[in-house]
Amino acid sequence: MLKEQATQSERPRTHIEARSEQPRYPGRAEPIFEVHEVGVSYNGTPAVRNITLDIGRNRITALIGPSGCGKSTLIRCFNRMNDLIPSATVDGSILYHGQDLYGAGVDPVEVRKLIGMVFQKPNPFPKSIYDNIAFGPRVIGMKGDMDAIVERALTRAALWDEVKDRLKDNAYQLSGGQQQRLCIARCLAVEPDVILMDEPCSALDPIATAKIEDLMLELKDRYSIVIVTHNMQQAARVSDMTAVLMPEVREGDVTIGHIVEYAQTDKIFTNPDNKRTEEYVTGRVG
Amino acid sequence: MSAAHGTIGGAPRADKAKGVVFKGLLLFSLLIGFVTLIVLIVDVANDGLGKLSWSFITSFPSSLPSRAGIQSPLVGTIYLMLITAVVTVPIGVGAALYLEEYADRNRWYNRLVEINIQNLAAVPSIVYGILGLAFLVRGPVGLGRALLAGGLILSLLVLPIVIIASREAIRAVPPSIREGALALGATKWQMIRRQVLPASIPGIATGSILALSRAIGETAPLILIGAIVFVPFNPSSLTDQFTALPIQIFNWTTRPQEEFKLLAAAAIIVLLGLLLTMNAFAIWLRNRYQRRW
């Protein structure tokens with residue numbers, strides 16, 4: 001079911017010009033995720049609560065905030081990675097193209113084919129560069145010439161020229177930045193609709209970070225991207241929309257994250273409505 | 001305060017002496033084990049090397065010391081190892097995969113199984129022998145004193161070791177690899193089959209070989225099930241009677257003639273050679289495929 005909807009949604013991807021004229025606030029961009037009153041708890045202890053926001057198609061949406069505010073917890077709801085933690089429970093609803101991600105009959109495996117994820121630390125498989133890319137297409141049973149699929153994915157991730165002569169080498173021989181772009185390529189190879197990035201540059205040097213940021217800007221023509229980052233400059237540089245999460249301390253040491261402000265990135269960084277947002281983005285707290 | 005500012009002289013003499021004595025004691029403890037092993041090997045080599053020859057390996061046991069050899073025990077031992085490997089590795093890896101990837105630690109029965117496996121690894125081998133005698137040789141299975149019965153008993157004996165070693169190898173595959181595979185839309189089984197299992201095979205192989213090298217020296221359970229001590233033929237099927245190197249050694253050392261004691265020493269050299277070769281291979285395998293994640 002989910003697959004069909006994604007295929008339908010691929011059509012407007014060609015009208016890039018038309019879309020770029022749209023205002024960049026969520027009310028006008030076509031939403032890919034509609035998050036309503038979402039909360040996540042571990043063993044009954046809430047980690048984030050009351051999350052309501054729309055995430056726009058072909059936008060880069062940044063989730064920022066100090067550590068412990070639940071940004072990673074939140075992003076893991078979008079591809080149902082939280083299902084892997086038995087003690088985690090998710091309530092509220094997340095609509096993906098209008099369909100409830102957590103609805104009965106939705107298979108998390110199908111969800112993850114459409115909503116890819118890039119992790120904090122590069123996590124290539126202990127295999128060749130080629131097999132790292134080919135793994136995804138093989139397990140989801142993609143048809144077509146595997147060599148072409150691999151080349152296309154690596155090209156889109158701006159890695160092809162660096163690795164085309166060493167596709168059989170072990171992925172661990174690549175540098176950290178190359179490994180992370182390999183992980184992005186691996187994610188692109190299964191032709192997802194959305195890419196979730198959980199602090200993708202936190203283990204990388206500034207040059208490698210810049211390459212990934214350039215790549216994100218290129219990719220947003222084809223994909224919708226949600227990025228968690230602790231680097232405010234990064235959010236300012238790449239994202240269209242920014243959600244600021246803040247931890248709220250209650251009952252002893254328990255901190256619960258919630259959104260204090262969600263707006264266009266320019267607004268968040270130049271003229272935020274919320275006082276805590278302003279203090280955070282100007283570096284006075286957090 | 002007696003210590004003046006700026007003095008960086010050594011610790012008091014008594015403290016230094018204590019340190020030296022302690023270090024000496026530790027070294028002594030190490031040497032006890034090491035020297036005993038060396039003495040043992042030298043002693044056995046002294047007795048046995050003279051008897052060691054190609055004809056010793058290719059001859060069958062005999063009541064005449066000059067004509068006796070170890071062909072049938074050696075072949076029996078190799079068959080036992082093959083049976084044990086074929087039986088324990090799939091079952092052990094399967095059990096380990098279940099415990100690591102599927103079992104919910106919060107369920108009491110899974111915890112019970114875990115504790116049981118830890119304890120099984122420490123059960124004396126003679127107990128497995130009794131179990132084998134009652135269930136496999138006689139009793140419900142009724143295999144008789146067959147090669148298969150011996151192999152199955154050794155399998156049961158080392159199964160907990162294989163499970164524990166495989167679990168460690170599987171657990172060493174970092175969670176980020178599992179997440180990476182699942183995030184691409186792989187099912188749990190695809191993730192295990194194509195990522196976790198291949199990545200843990202070197203560790204599983206190393207653990208399995210070390211488990212086999214424990215099985216190769218086991219004598220008690222085989223004697224108990226009556227692996228008969230004089231077998232002048234090689235087993236040709238799984239239901240044939242058999243003997244094995246440790247049993248042959250045991251047999252020879254109980255004979256009164258001095259000649260047989262030397263034969264036992266020669267057989268011990270062969271057994272030790274097999275054992276060390278297996279261990280060396282396991283270590284090589286571990287170093288060859290060791291991964292830094």
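Colleague: Where in chain A does Glu191(A) sit?

Modeller: In the loop between α8 and β7 (194–198) of chain A. Helices are DSSP runs of H or I with at least four residues, strands are runs of E with at least two, and both are numbered from the N terminus. Bear in mind that this is a predicted model, where local features need pLDDT of at least 70 and side-chain atom pairs need 80 or more, while totals for chains, interfaces and linings use all residues. Residues are numbered from 1 along each chain as its sequence is written, with chains lettered from A and ligands numbered from 1 in the order in which they are written.

Colleague: What makes β1 (residues 31–42) and β2 (residues 45–56) of chain A a pair?

Modeller: DSSP has to find at least two bridges. These two strands have eight, in the antiparallel sense, so they qualify. One of the bridges joins Ser41(A) to Pro46(A) in β2(A). The two strands form a hairpin with two residues between them, and Asn43(A) in the turn has a positive phi of about 50°.

Colleague: Over in chain B, why are α5 (residues 125–137) and α6 (residues 147–171) called oblique?

Modeller: Their angle is about 135°, with the axes 10 Å apart. Axes are lines fitted to C-alpha atoms over the stretch in contact, and angles run from 0 to 180 degrees between N-to-C directions. Under 35 degrees is roughly parallel, over 145 roughly antiparallel, 65 to 115 roughly perpendicular and the rest oblique. α5(B) and α6(B) therefore land in the oblique class.

Colleague: Which residues meet there?

Modeller: From α5(B), Ser125(B), Tyr128(B), Gly129(B), Gly132(B), Leu136(B) and Val137(B) meet Ala149(B), Leu152(B), Ile153(B), Leu156(B) and Leu157(B) of α6(B). That contact splits into eight nonpolar, three polar and no charged residues. Ala, Val, Leu, Ile, Met, Phe, Trp, Tyr, Cys and Pro are nonpolar, Asp, Glu, Lys and Arg charged, and the others, Gly among them, polar.

Colleague: What makes α10 (residues 245–254) of chain B mostly covered?

Modeller: Seven of its 10 residues are buried, Trp252(B) among them. The cover includes α3 (71–102), α9 (220–224) and α11 (258–289) of chain B.

Colleague: How many residues of each chain are in contact across the interface?

Modeller: 21 residues of chain A contact 16 residues of chain B. On the chain A side there are 13 nonpolar, four polar and four charged.

Technical notes. Contact = placed C-beta atoms within 7 Å. Buried ≥ 20, exposed ≤ 12 C-beta atoms within 10 Å, placed from the backbone.
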